[in-house]
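Welcome, and please open your viewer. We will take a short walk through the model, one selection at a time.

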Amino acid sequence: MDTLDESPSRGSGQGRASPPPPGKWRRFLNSCRAHRGKSILAGLAFFVVVGLFFLDALLAGPMQRWAQKAMNSNLKGYSVHIGRVRPHLWRLAFDLDDVVLIQATHPDPPVANFGALRFSLQVGELLRGKVAGDLTIVRPALHLNLTQIEEEAYSHVSLKERGWQRAVESIFPFKLDRVKVQDGSLLYLSRGTASKPLQLTKVFMVAKNVRNIAVTKSTYPSPVTLEGVLFDTGKVSFKGAADFLREPYIAAQGEVRLDQVPLDRLTPVAQDYQLKTTGGFLSLKGSAEYTPEAQMAHLSEVDLEGLRVD
């Protein structure tokens, strides 16, 4: 009888089901309760980020109208049209997308198109108690023709009075420390270059320490590097320094290099000097200095390959 009585009790104990493991949501809640302080901070950070993104979207339209009005009020003889503005409050930055620069007297074609102008504050400098900004110019495309250049040359308004610097400062009143150009291009058309325009593409440039003020006129405080493609196949590079605060316009000096530039694209220019050129490539090394007072160049190496001149 004792054996019969003990068997059911053991069997009933083995037949009890173990409690199910907690689900993912319950484990998450348990973790939050265990780390209440960190959970509150993470939740606040999440809502701040969501709020900033919402505020970015809310400010985009008013900022576009404000930026366009502010820049145009400082320009003389030119106007800008801004496609849209994208604020990024969470990283203290904003972008101007699809910016078009138009000459008032000759609006077609536009003088320049910019894929984007990206302004931002340097967080590292802010932590040191200083204020400095960066500007990245994305896919700038300059379109120049002889009519527009002649209009600028004969205008009674100087380059300084055009208001370029004031237009930028009106929307970004902080000193720029670094300026970058990504995938820029320059196209020049004259009466004789319609079929073979003078073209510079794939331009990448970095200028640092832009906000520094030169002590004397012969000082160039801002390091500059530039490289690009000239006439589809040739390469051009510049490594030197500049004074971006020189008036009425910037000054620069440095080492210049051209490699395998096809000279047939210069035929329309040579014809202006009653010369006829056929084929050939140009490579050179040298130094150059460009200032409002003087322009100088010194060539250390010049290599003309396969050129015919009549």
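Which residues have the most contacts inside the largest nonpolar core? Select Leu 96, Leu 101, Leu 117, Phe 119 and Ile 171: these have the most contacts inside that core, which has 33 residues. A nonpolar core here is a set of buried Ala, Val, Leu, Ile, Met, Phe, Trp, Tyr and Cys residues joined through side-chain atoms within 4.5 Å. Buried means under 20% relative accessible area, exposed over 50%, and partly exposed in between, with a 1.4 Å probe and protein chains only. Strand 3 gives the most to this core, with five residues. A second, separate core has nine residues, including Leu 230, Phe 231, Leu 258 and Leu 263.

Before going on, note that this is a predicted model, where local features need pLDDT of at least 70 and side-chain atom pairs count only at pLDDT 80 or more, while totals for chains, interfaces and linings use all residues. Residues are numbered from 1 along each chain as its sequence is written, and side-chain values use heavy atoms, with hydrogens and water left out.

Now zoom in on Leu 117. Its contacts (heavy atoms within 4.5 Å) include Phe 94, Leu 96, Val 99, Leu 135 and Ile 137, leaving aside residues up to four places away in sequence.

Next, switch to cartoon view. Helices (H or I, at least four residues) and strands (E, at least two) are DSSP runs, numbered from the N terminus. Eleven strands form an open sheet with mixed pairing, in the order 1-2-3-4-5-6-7-8-9-11-12; two strands pair if DSSP finds at least two bridges between them. At the edges, pairing on one side only, are strand 1 (78–88) and strand 12 (295–305).

Select 176–189 and 198–208 for strands 5 and 6, which pair in the antiparallel sense over eight bridges. Here Leu 186 stands opposite Leu 200 in strand 6.

Then pick Gln 122, in the loop between strand 3 and helix 4 (123–127). Is this residue buried or exposed? Gln 122 is buried, with a relative accessible area of 14%. Its side chain makes a polar contact of 2.6 Å with that of Asp 134. A polar contact is a pair of N or O atoms within 3.5 Å; within protein, one must be able to donate a hydrogen and the other to accept it, and residues adjacent in sequence count only if both atoms are side-chain atoms.

Finish at Asn 74 in helix 3 (residues 36–74).
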